[in-house]
Amino acid sequence: GGRKAGIPGEDAEGVLTAVDFLREVGAKESFDLEGDVVVIGGGNVAVDAARCSGRVGEYKVSMFCLEDKEHMPASLEEIEEAEEENVSINCGWGPKEIISENGKVTGVVFKKCVSVTDTECRFAPVYDESDTMTIDCKHVIFSVGQGIEWGNLLDGTKVELNHANRAVADSLTYQTAEPDIFVGGDVYTGPRFAIDAIAAGREGAI
């Protein structure tokens, strides 16, 4: 499941997570948006959401991320393809507040990000709260992280979860405390690429 940023106004109508948005776009024959879209995040999933937004209607699509372009998590190829599809990429900005009217999104207030990590390269963004800008939009799509939604999948099993809600397994065999259940991919390692999950499946099978 997708995560939001924990800022005021993010419960307004028109606010989505990238995971939910992409799931719905893929499942429906048509998906209508009411107006301009702001995507918050700088990774490959954010780029996917931005590009899909531009394909479902004639809307202005803008991406905002904390990092400068050189340090965006998204691959260079993804960034270039997004720009070719007229996605506006704005680096060095973080969301401060979502503005709404009658319960519906009308815009986002951004604050300038002056640094993303601390001296030990840990994620610890610092902002200039006095340097802000407001972007008008009808939809906000958050691509700032994902969480595991297990539902009742593990009910009745011996599978253990760690503090991050990820499955605990042997690092070599990927076997959990339930002998017949093996895990790999994001539910074990945290967010990585699809090829890493595929590799874990292969190693677990061996």
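The side chains of E78 and R51 meet in a salt bridge with an N to O distance of 3.6 Å, where a salt bridge is a side-chain nitrogen of Lys or Arg within 4 Å of a carboxyl oxygen of Asp or Glu. This pair links distant parts of the chain, with E78 in helix 3 (residues 76-84) and R51 in helix 2, 27 residues apart. The model is predicted: local features need pLDDT of at least 70, side-chain atom pairs count only at pLDDT 80 or more, and totals for chains, interfaces and linings use all residues. Residues are numbered from 1 along each chain as its sequence is written, and side-chain values use heavy atoms, with hydrogens and water left out.

**Salt bridges**

- Side chains of opposite charge can pair when their charged atoms come close.
- A search of the whole structure finds 12 salt bridges.
- E78 counts as buried at 19% relative accessibility, and R51 is buried as well, with a relative accessible area of 14%; buried means under 20% relative accessible area, exposed over 50%, and partly exposed in between (1.4 Å probe, protein chains only).
- R51 also meets E85 in a salt bridge, at 2.7 Å from N to O.
- That pair too links distant parts of the chain: E85 lies in the loop between helix 3 and strand 4 (88-91), R51 lies in helix 2, and they are 34 residues apart.
- E85 counts as partly exposed, at 30% relative accessibility.
- A network of salt bridges links R51, R55, E78, E81 and E85.
- Elsewhere, the side chains of K28 and E24 form a salt bridge of 3.3 Å, N to O.
- K28 is partly exposed with a relative accessible area of 44%, and E24 is partly exposed at 31% relative accessibility.

**Helix 1 and its cover**

- Helices (H or I, at least four residues) and strands (E, at least two) are DSSP runs, numbered from the N terminus.
- In helix 1 (residues 18-27), the residues A18, V19, F21 and V25 are buried.
- These residues cover an arc of only 165° around the axis, so they sit on the same side of helix 1; the arc is that of the directions from the helix axis to the C-beta atoms.
- The cover over the buried residues of helix 1 includes strand 1 (15-17), helix 2 (44-55) and strand 8 (139-142).

- Strand 2 pairs with strand 3 (residues 61-65) in the parallel sense over 4 bridges; two strands pair if DSSP finds at least two bridges between them.
- I40 has F64 of strand 3 as its bridge partner.
- S143 is placed in the loop between strand 8 and helix 4, and counts as buried at 14% relative accessibility.
- S143 touches A18, I40, G41, V45 and A46, not counting residues up to four places away in sequence; contact means heavy atoms within 4.5 Å.
- S143 and G41 are 102 residues apart in sequence but 4.9 Å apart in space, C-alpha to C-alpha.

- N165 is not a glycine, yet has a positive phi of about 70°.
- N165 is found in the loop between strand 8 and helix 4 (186-189), and is partly exposed with a relative accessible area of 29%.
- Y174, also a residue other than glycine, has a positive phi near 65°.
- Y174 has its place in the loop between strand 8 and helix 4, and counts as buried at 17% relative accessibility.

**Nonpolar surface patch**

- F193, I195 and I198 make a nonpolar surface patch of about 350 Å².
- Patches are made of residues with over 30% relative accessible area and no salt bridge; like charges are joined within 9 Å, and nonpolar side chains (Val, Leu, Ile, Met, Phe, Trp, Tyr) within 5 Å.
- Accessible areas come from the Shrake-Rupley method with a 1.4 Å probe, and for residues only the protein chains shown count as cover.
- I198 is found in helix 5 (residues 194-205), and is exposed with a relative accessible area of 56%.
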